[in-house]
Amino acid sequence: MKWFLLRRLGGAVFVLLALSVVVYAAFYVAPGNVAQIACGPRCSPAQVAQVSEQLHLGDPLYLQYAHFLQGLFTGRDYSTGTGVLHCQAPCLGLSYQSDQQVTELILAKLPATASLALGAFVLWMLLGVGTGLLSVWRRGRPTERVLTWITLAGMATPVFVIGLLLIIILVTALQILPFPDYVPLTEDPEQWAWNLLLPWISLALVSAAPYARMTRASMLETLAEDHVRTFRAYGVGERALVGRHALRGALAPVIALGALDIGSMFGGAVLTESLFGIPGVGRELVDAVKHVDLPVVVGLVLVTGFFVVLANAVADILQAMADRRVVLA
Amino acid sequence: MRQPSVISRRVAAATAVLVVAAGAAACGPKDNKGGDSGSGAAGKPEKGGTLTVLNSKPQEDFDPARLYTSGGGNVPSLVFRTLTTRNREDGAAGAKAVPDLATDLGTPSKNATVWTYTLKDGLKYEDGTAITSADIKYGIERSFAAELSGGAPYLRDWLIGGADYQGPYKDKKGLDSIETPDAKTIVFHLDKPEGEFPFLATQTQTTPVPKAKDTGTKYEEHPISSGPYKVVKNEGDGERLILERNPHWSAATDEERKAYPDRIDVRSGIDSAVINQRLSASQGADAAAVTTDTNLGPAELAKVTGDKKLAARVGTGHFGYTNYIAFNPKVKPFDNPKVRQAISYAVDRSSVVNAAGGSSLAEPATTFLPDQAAFGYTPYDHFPAGKNGDPAKAKELLKEAGYPKGLTVTLTHSNDKDFATSPEIATALQEALKKAGITVKLQGLESNDYSDTVYNVKSEPGFFLGGWGADWPSGGPFFAPVFDGRQIVKSGYNFNSGQLNDPAVNKEIDEINKLTDLDSAAKRWGALDKKVGEQALTVPLFHPVYKRLYGEAVKNVVISDWTGVLDISQVAVK
Amino acid sequence: MAEAIPAEEAGAVLAPASGASPFWRRLRARRAALVAAAIVALLVLVALAAPLLAGIEGQDPTTYHPDLVDSATGGVPVGSFGGISAEHWLGVEPLTGRDLFARVVHGARVSLGVALAATLLQVLIGVGIGLAAGLGNRFVDQALSRVTDVVVALPVMVIALGALAVVPTSFPRPVLIAVIIGLVGWSGISKIVRAQTLSLKSRDHVAAARLSGWGSWQIARRELLPALAAPVITYAVLLFPSNIVVEAALSFLGVGIKPPTPSWGQMLSDADTWYQAAPTYLLIPALLLFVTVLALTVLGEGVRTALDPRAESRLRIGTGRKKEADA
Amino acid sequence: MSLVEVSDLSISFGGVRAVDGLSFSLEAGGALGVVGESGSGKSASAYALLGLHRGTGAKVGGSIRVAGVDVTAADDAELRALRGAKAAVVFQDPLSSLDPYYAVGDQIAEVYRVHNRASRRAARARAVEVLDRVGIPDALRRSRSRPHEFSGGMRQRALIAMALACEPQLLIADEPTTALDVTVQAQILDLLHDLRRETGMGLLLVTHDVGVAAESVDEVLVMQSGRAVERGPVSEVLVAPREPYTRALLAAVPRVAEARTSSGAKPADDTGAPLVEAVDVRQVFGRGKSALAAVDGVSLTVRRGETLGIVGESGSGKTTLGRMLVGLLEPTSGRLTRDARVQMVFQDPVSSLNPRRSIGESVADPLRASGERDEVVIRARVRDLLTRVGLAPESYDRYPHEFSGGQRQRVGIARALAAEPELIVCDEAVSALDVTTQAQVTALLAELQRELGLALVFIAHDLAVVRQVSDRVAVMRQGRIVEEGEVDEVYGNPRDPYTKQLLAAVPALDPALATVRRAARKELAAA
């Protein structure tokens, strides 16, 4: 296991560096005069040149990337006019648009995405595994048919359509829930949960479907295994067989998939965030890319990349544990 | 000002749902008695309470040197007082400038190339220290620093030595063309006559900044206030801004700003649909809420017009802005005036107005200058296209121009759904011109790519959608950058798309700039617009109309003709 | 956009599908799959015959009808249900007045076309990389897994906007969108193919083939690919609907198909604010998208169980009902 | 009233009738062996005793009474009460019969608590007790570890412990030792024998291996395609069978004690250069601390026309050696020279043929690989080969799933012959087959060797089969050859203690010898 972790860590570092190079290259090549955008539409060519020099935009690609790496490992100094601002390592530079430290900017946005991701994760795991378990428990009966149809319907709807429908029903018609307006957890937990309920539900409804299918499939597979036959031959009841043995067998692959999905969720559920106006990483990425704000884009891609790579490693570990029975004596 | 960043229509990424809530207690029709001519909730406005501002865009770069505002901006003008400011009265009077920190609109001398201002007495910062002319000089100098870029270009173009000055951090000795003989007076030396300097003095660049308290790019987090409110909290570069009363502000020295609420909570990053939804529901704190950057979209408008109570809570305003088709005469076949005229005849303004949100959000335009007196609006329609275009006349002209079988052209537009240069408007034009035998191919560009392409002399396409707004309500800043030959920029952003360099037009522009009597200047701008219009360098399409909701408890709502929107310094919530 | 692509294993089992005939027999036995197949066929037909159908209705997707919308109220279509009438079977589009039926029908062509092209691309790349990772030595396997990580980690949003900025606008947008979606979604297939290749490699008949003298690429073609067909097809049939949703999501974020080409995603993103003023404008594309994706998912499910003969037998074991056993 | 009474039992799955009118009974404390080839319905009948077919769609006819309970009539609750408490079962494959996620002790405790009101702690104590009783060392600690940390034999002991937990009156053992090595098999059979003597519970032992039956049961019931052929005391049926089927079955069973019957093969031609020569070859898997030497320094030669048997338990490295000889695996170190065309026949009939390709095409594979393009020539050559291995030439276009295990092995052989090899390595080629089919396939191999002068390397774990086929034999243990020589010499008087232990563990067909050999084994194990 130690060997495995070391290799994955090395792999992760490689992936993150590769990501930053890809994004730098893409934006270096992309048209759109960054200096002009950063300076403002009515800047004179002289002013644009000054801004371009100040942001080192004139340097060749490798030099800009070198500055970036230097910032990442040792920190960098920026002139604020009257003094010097030291952005300590890991410094992802300053945003062209708002001169804010990218690290601060992302840390300010992460809680919103995290709350959305974790809340939705819990809901869709419960919903998914629950539906899967129920449909196996009731297999062959009408309820299983209905549940299968609901899960398939869940997979067939984009999140922004489900979100819209929920808003129409729960907010406008029945007015049970307020229109979501993100309140940080630290400020007011009760409001935080109340406002995030709608995004959680709509995200969970869409993402729960694959889990329901997978739970059902792997539970059925486990039920056909020899060891379940053994316990049935020893008089163990159906409920215990399904609840204890079949479910336990199905959990490992499901959690592995869950780890994978939550990793990409940290990449910001762009659609859900835009639909419900949640100031998360996803929306920030869309704005930053549209304003060709390179430092923010690179910073965001690295952070989301980190979570995805972390999730992949965790998913593989869980998968390895799940398949432990294959690697037998 | 090209695309007013302060006032933007509904942003593309927003998804919207509008609710028509049953609505709280209805309030009767307003009467405009008393000094406060604003509409809104009944009863006399009193001091106190918290005004909530719900915005999509954050108050980015909240530094007087960096803000690009029209007349000092809405929220910024609560904190940054300027030499002069916009008149806060309702209607057409609102389009004039009035003194603010200065005692008057400035005394011009030497043929309007030297402007002198004297400061009122008893002007203090939030920390009680006095405001001096040196602070105003330093404030202007700061706006030249590369780190604090973003402001309007006029100071750089008008002040002597402005083009080369690099800001106080690099040129320690400062800008000579601004003199401060004593703590109360400040004198500006311009390199050419500018009758409209008082309008320029309304911009936040003339806000005083004490040199001792300047922290460069960090100043925006807590700028020193000279206005009725001071910054108590500024999170995420303007995403959350809380203003509270500035004890050292004296109402005596400031007739313009009423400043009724005790506290103003400016929240941003909210979806524009959410803003309209909360304003119409108007529950809880949202009853005392307004917005300074989100208009009603067409779909939301459809609901509002159907509900009397809601319709009463909509402020309608006109901001000096024109959307038009721009031609680049250097590109074939648009060098031929007959082709440009043919297109002017073929345009179907009603389908363009629909694409821009319908007749209540856009009014057809036949003149380049906006249809407001302040711009010297002189109606003309050299190439009458009627409501739905005149394809026959257009075909006739095309035959004369040597294109009997019609022609094929490419229209460049932006991909943003901004109801100005958007794909919808481009497709509306495409359909109209098809009737006149002109096949139009569409070229949609991403927003940044679009600005780089159309505002660069080398890459400017022959036929593209454009729009222009007023930095202040006068023909000067509207007309000159687009038609003045000397404002053609070879490398960098050039807004003179027609690349017109007509000595007669240039000379007339200089003449008008000399006038300090703004009314006569306005008439001259109107006449010049009519004359240049004959060359059909642009095809005016429509002027936008801004409609915005405000909360039920909001009183004294004033819509000024300068900004076209509700003035936050007048409203009360008690 | 991360949540639109379901990365779950298809659960397809490498059961030796003995010959083709039982597959069709099992597929026919599943009624739901048959209905779904019919719907999908109908949709493909509609997409192909789009101009013909619009012709029958006498409309086209681009003509403006300003007279059919009430300009003062923000462009709401005149008449009930969004202006449904004899000439306009599904009503007209607010603001522009363009015929909705023609737009939906042409939109089908774009949405289904883009999704199909993207799926094929994903299958090609996925199988290629999966096979290479499965057959290659440890170093190749590691390197390719890391490459997959990079692709999975890159948000589709960045790729889309980066590509749009770089690629000249003359390049046909639907093809570009298909390539973008294709470049992003192949990691699921490559994981499956790699896993199956690893388990197949240890099979005796593969060893026998090597002993007979075949080279490793011939072995890949003769022994591995036929065995990979089942799981890959099953996963592709599930990937296809999710690609439609991704195209809709990209249009929703303003980086998808650009006007005037109609696509369902774009119509959805335009219609989101009109849900109260002109509900049909939103419901029609939403419903169509839902039905298409549902039909494809059900078909995919049917194909999966038909390819995996052990599926039915698993259902019955241990349901423990006494009476059935003694029948 | 006897412990088990089965009368006119019939079981059919879908259209296939697996058991047809079977009747037998078992007295309390008695031991009955049910012997038959695969497909004879022996396991189906055993499962029917616990009503395990309920809900699987199988149709069960006739009456079954176990420990006073009428199984077919019992409702679910009654049936559950019977399973485990009155009658318990031990399945064949220890690999997958335990839940990989729970500790072994917990699983036994779970079964115990199904039938006895007991606290969790008491149940776990009972688990440790029975684990200790079946001879698992340090039972308390091992009860907390999970199944994959147990060896094959240990896991089978744990399953027996689970059966003992509720002190059932009847133990049904379905092929309990088939998946185990011969030495471990002997220990398990001895354990079963001691437990029966101690607890007096009845035993129903289902097996295809006549030897296993001979050693551990009092009476034996021979079954063929769903019907009982013969029943009687083990000493009578196995020594002097009445029915012709039983006689044929016994004849086909290879005896480890008898010398090769047909040794008409050409004498090994040891003049020419050896076809394959391995000098101190090693094969190491994994790296660093976890490196495992599957083959640890083996030297051997194979001459033309000769049959070299390689015998050893699982994990001895015999398969790895086989794959190296053929060239599928490159040795990590040591020299291996091969100047002959070699082919291989594999163990698992299912995985050795590509399911999507007709058997004719599979056989034609080597021909196509060698560049032959002419379809007519290929088809003719394949038809000859199919006939040569005893298959109908028209079956060229039929698919593997339409053939039995034995027939598929014949296709494997035909494919090997297609490449006109000089040496064929048979890796457990007959281990998965029934005794009768096994005999036919080995006879075919011998015939081909004589006719084509082939050299054979016969890898297997069944000492008896190896003795029937080989000229020379090598015994492998943990990657090394512990003994090598003429087959009669090695089997007659083995020198290496491991070989002796192996030979002692092979179950003898004569029940009388059983008790004597069991005592010898105990004393050897103690030494």
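## Transmembrane annotations

UniProt positions are given here in the numbering of this text, with shortened feature names, and such annotations may be inferred rather than shown by experiment. The model is predicted, so that local features need pLDDT of at least 70 and side-chain atom pairs count only at pLDDT 80 or more, while totals for chains, interfaces and linings use all residues. Residues are numbered from 1 along each chain as its sequence is written, and chains are lettered from A and ligands numbered from 1 in the order in which they are written.

For chain A, an unreviewed UniProt entry lists "transmembrane region" at residues 116-137, 149-172, 192-212, 249-272 and 292-315. In the model, residues 116-137 of chain A are 100% helix and 0% strand, with 31 Å between the end C-alpha atoms; residues 192-212 of chain A are likewise 100% helix and 0% strand, with their end C-alpha atoms 28 Å apart. Helices (H or I, at least four residues) and strands (E, at least two) are DSSP runs, numbered from the N terminus.

For chain C, the feature "transmembrane region" comes from an unreviewed UniProt entry that gives residues 32-56, 110-135, 147-169, 175-193, 232-257 and 277-300. The span 32-56 of chain C is 96% helix and 0% strand, its end C-alpha atoms lying 31 Å apart, and the span 175-193 of chain C is 89% helix and 0% strand, with a distance of 26 Å between its end C-alpha atoms.

## A buried threonine in chain C

C:Thr197 belongs to helix α8 (residues 187-201) of chain C. This residue counts as buried because 23 C-beta neighbours lie inside 10 Å; the classes are buried for 20 or more other C-beta atoms within 10 Å of a residue's own, exposed for 12 or fewer, and partly exposed in between, with C-beta atoms placed from the backbone.

Leaving aside residues up to four places away in sequence, C:Thr197 touches C:Gly130, C:Leu131, C:Gly134, C:Leu135 and C:Leu224, where a contact means C-beta atoms, placed from the backbone, within 7 Å of each other. C:Ala133, which is 64 residues from C:Thr197 in sequence, lies 8.7 Å from it, C-alpha to C-alpha.

## Strand β18 of chain B and its partners

Strand β18 (residues 538-549) of chain B is mostly covered, and twelve of its twelve residues are buried. Strand β12 (residues 314-318) of chain B runs antiparallel to β18(B) and is joined to it by five bridges, with B:His318 having B:Val545 as its bridge partner; strands count as paired if DSSP finds at least two bridges between them.

Strand β13 (residues 321-327) of chain B also pairs with β18(B) in the antiparallel sense, over four bridges, and strand β14 (residues 362-364) of chain B is joined antiparallel to β18(B) by three bridges. B:Phe542 of β18(B) stands opposite B:Asn323 and also opposite B:Pro364.

## A cis peptide bond in chain B

The peptide bond between B:Lys332 and B:Pro333 is cis, with omega about -10°. B:Pro333 is placed in the loop that connects β13 and α8 (337-346) of chain B.

## Overall form of chain D

Chain D contains 19 helices and 19 strands. Its radius of gyration is 25 Å, close to the 24 Å that the globule rule gives for 527 residues, so chain D is as compact as a globular protein of that length; the radius is taken over C-alpha atoms, and the rule is 2.2 Å times the number of residues to the power 0.38. Along the principal axes, the C-alpha atoms of chain D fill a box of roughly 70 × 50 × 45 Å. Of the 527 residues of chain D, 47% count as buried, and among contacts with a separation of 6 or more, 68% join residues 24 or more positions apart.

Chain D is divided into domain 1 (91-168) and domain 2 (274-523), with bounds from an automatic or database domain assignment, and the C-alpha centres of these domains lie 37 Å apart.

## Where chain D meets chain A

In the contact between these chains, 26 residues of chain D meet 16 residues of chain A. On the side of chain D that touches chain A, α2 (76-85), β6 (87-90) and α3 (104-115) of chain D each supply at least two residues, and α2(D) gives the largest share, five residues. By class, this side of chain D has 14 nonpolar, seven polar and five charged residues, with Ala, Val, Leu, Ile, Met, Phe, Trp, Tyr, Cys and Pro counted as nonpolar, Asp, Glu, Lys and Arg as charged, and the others, Gly among them, as polar.

## Positive phi angles in chain D

D:Ala67, although not a glycine, has a positive phi of about 50°; D:Ala67 lies in the loop between β4 (59-66) and β5 (69-70) of chain D and is partly exposed, with 19 other C-beta atoms within 10 Å. D:Glu167, also not a glycine, has a positive phi of about 45°. The loop between α6 (152-165) and β7 (170-174) of chain D holds D:Glu167, which is partly exposed with 14 other C-beta atoms within 10 Å.

Terms used
Contact = placed C-beta atoms within 7 Å.
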